[in-house]
Amino acid sequence: MREVAGERDIEVTLPDGATVRDLISRLVEPRPALAQRLLAQDGNIPPSVNVFVNGRDIRDLSGLATPVMPDDEVTILPPAAGG
Amino acid sequence: MELGGYADRLAHIDLTTSDIKYEGINEEDARKYIGGRGLGVKYVFENGPQVDPLSPDNIICFLVGPLTGTDVSMSGRMAVVTKSPLTGTVTDSHHGGWSGARLKWAGFDGLIFKGKAEKPVYAYVEAGEVELKDAGDLWGKGAHGTIKILQDRHGEDVSVVTIGQAGENLVRFAGWMNENDRASGRGGTGAVGGSKNLKALVIKAAEKLPKPKDRDAFKQAHKDALKAINESATLAPRKGGLSVYGTNSLMMAANTLGALPTKNAQFTSFANAFNISGHNIQQTILVGDPTCHACPVACKKEVETEPGKFHVRMESVEYESAWAFGAQCNNDNRDSIPFLIDLCNDYGIDTIDMGNVLAMTMEASEKELIRERVGWGDVDKMVELVHKTAKREGIGDTLAEGIEPAAKAFGDPSIAMSVKGQTIAAYDPRGLKGMGLGFATSNRGACHLRGYTPASEIVGVPEKTDPLAWEGKGKLLKLFQDFQALSDSLGVCKFSTFAENPDHYAAQYSAMVGVPMDADGLLTIGERIYNLERHYNNLAGIGEGADTLPARFLNEPSQSPPSQGQVCELDQMLEEYYAERGWVNGVVPEEKLKALQII
């Protein structure tokens, strides 16, 4: 992800009432390569990306409409499985 | 027998008399139990549930399924089935690479050993024949040295499946290793080999892929399954998480979920998880992506650590092993982990049990239950204790008996993170409820691979479920247990279930074997296998009350978000699960056995 973004740290500012969709939009708008990785053509999160808000998978919350509060931790990981 | 995919040949080897008999597969058995794990459980059941696991009367079966060694994707699996000296249950433990395929290509569906050889022997297998050979010069050697000697002797193209010193010394969680460092690690099957003076199998084979009964149907079924694999976010070659990062891709996900047992499961997340994760390993010490027979995924992750005392180049760092020696022992030293795994592979010790035993010993030391000082994350002490366990020296002799006898000897059985004598894997039941139920109801003791509910709870296959919700997990787990009993019996890797569904399995089975089969029919066979295992355990005295979890998961709430405050609601899930299974408090009733045509 870092290689695709071309940066180690990215700072974005979100308005009050922001959602995961807002966060990802701010991240990918100036970075088309990152957009290809994080968003499917239909604008949703592809199966190859897992997004968690405070450790909760957004698929178990409200998906891209999940609210992001100031102290929340958002984690983006590739799909993981094994044993 | 008319069924396709089988070699239709078993060898029964009496090690006491050196007598070897050959026979075909009973077709009714093949139709009811398929092969691999399913047939192995049938044979172990017929040998009687009361047998002492380390006595000559126990049998140990090396079996493949009708899809092993075929064109089916991910079909390189071999099952080792016996009565476990660790749990007292029937157990099966599987490995990949090419040894399973080569056993089929050497003309066998299985080798079944009984008795005890007067002196150490190994079995040489070629062209439908088995010969017992003197292993006197191999006894006392590690798996890696044994494999080298036997490949020098018989050619680099042979497969070698061997025990190390741990199996010889009857360490109750010793396993079998092959030439690709793939392990049949769990359940102590290596100790059964040691008890029989059986050191190794050497399998020489000409590649001879079994022909499907219906070639056109097989071509289509194979194509459909491969398409599912290639489109899977998890398995897609060089794209999916498992292909890119290996199984250790899970370290960060489990940590994020508050489901990573840490410091002997006193905590549910590990601050330094990244250090030991597949992500860090992929960026720093990864040198190769080995694979197994017919597998496009290549989830193995070969590494070479930095020069120094933990320098090693080895075949793969798996998630369970990295967790067992890492977070569970509060160890964030990246390079110590491949070193410890490699050491265990050479001794032929199960890394999951060994790591948990070390973590339990660390807690015993912290609580001053033992005089030995074993600090959390003390990697030098960990290495020392692996040596001592394999050789049964000093405290290692106690540890070699398994986690529950050892914790009892230390004076506090509650610090053993185990079920039915076998230790847990890298999933905390407070953060992944389905896995908690899976540990409790596994027929071979705590195990993540009997029914891999994290596929649903983390990956979202076949559908996403909430890892913190307990409702519905009984039904979900039964489906996974029945489905994955099929993977083990057909001879394909369980990871295929991240992409393939029971319809894919049914189509490939039907075309290869020549028996019309749909998904429901196949799942009924999986259910039959699971119930026969449970019936065996019930007859062996493992009945009501045995499906439980360490009290820590039931009474001590998680301290890390998002599982913070959670315990595992096992009783509620068990009620739901037993209702789905038609069992009475963990016991299979006679009417269920009859309905499944077990009796």
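The model I am reading is a predicted one.

I looked up Asn54(A), which has a positive phi of about 50 degrees although it is not a glycine, and I found it in the loop between strand E1 (50–53) and strand E2 (56–57) of chain A. With 12 other C-beta atoms within 10 Å, Asn585(B) is exposed. I noted these residues because most residues other than glycine have a negative phi, and most peptide bonds are trans.

For the peptide bonds, I recorded a cis bond from Val461(B) to Pro462(B), with omega near -5 degrees, and Pro462(B) belongs to the loop between H18 and helix H19 (473–490) of chain B. I recorded another cis bond from Pro561(B) to Pro562(B), with omega near 5 degrees, where Pro562(B) is placed in the loop between helix H22 (551–555) and helix H23 (570–581) of chain B.

**A sheet in chain B**

I traced an open sheet of 6 strands in chain B, which follow the order E2-E1-E6-E3-E4-E5 with mixed pairing. Its edges are strand E2 (19–23) and strand E5 (90–95) of chain B, each of which pairs on one side only, and the twist averages 15 degrees from one strand to the next. Looking at one pair of strands, I found that strand E4 (residues 78–83) of chain B is joined to E5(B) by 6 bridges and that the two run antiparallel, with Thr82(B) opposite Thr91(B) in E5(B). Helix H2 (residues 36–46) of chain B lies across strand E3 (60–63), E4, E5 and strand E6 (110–114) of chain B, and runs at about 20 degrees to E4(B).

**Domains of chain B**

I noted the division of chain B into domain 1 (10–204), domain 2 (246–423) and domain 3 (435–548 + 569–595). The C-alpha centres of domain 1 and domain 2 of chain B are 26 Å apart, and 38 residues of domain 1 of chain B are in contact with 30 residues of domain 2 of chain B.

**Nonpolar cores**

Of the 187 residues in the largest nonpolar core, Leu111(B), Val125(B), Leu201(B) and Met360(B) touch the most other members, while helix H13 (residues 351–366) of chain B gives the largest share, 8 residues. Another core, of 8 residues, lies apart from it and includes Val20(A), Leu23(A), Val51(A) and Val53(A). I also followed Met360(B), whose contacts, leaving aside its neighbours within four places in sequence, include Asn264(B), Ile403(B) and Met417(B).

**Where the chains meet**

I found 32 residues of chain B in contact with 17 residues of chain A. On the side of chain B that touches chain A, helix H8 (241–245), helix H9 (250–256), helix H11 (319–325) and helix H18 (454–459) of chain B each supply at least two residues, and the classes there are 19 nonpolar, 10 polar and 3 charged residues.

Technical notes. Residues numbered from 1 in each chain as written. Chains lettered and ligands numbered in written order. Predicted model: local features only at pLDDT ≥ 70, side-chain atom pairs only at ≥ 80, totals over all residues. Pairing = 2+ DSSP bridges. Helix = DSSP H or I, 4+ residues; strand = E, 2+ residues; numbered from the N terminus. Axes fitted to C-alpha atoms, helices over the stretch in contact; angles between N-to-C directions. Contact = placed C-beta atoms within 7 Å. Nonpolar A, V, L, I, M, F, W, Y, C, P; charged D, E, K, R; others polar. Core = buried A, V, L, I, M, F, W, Y, C linked by C-beta atoms within 7 Å. Buried ≥ 20, exposed ≤ 12 C-beta atoms within 10 Å, placed from the backbone. Domains from an automatic or database assignment.
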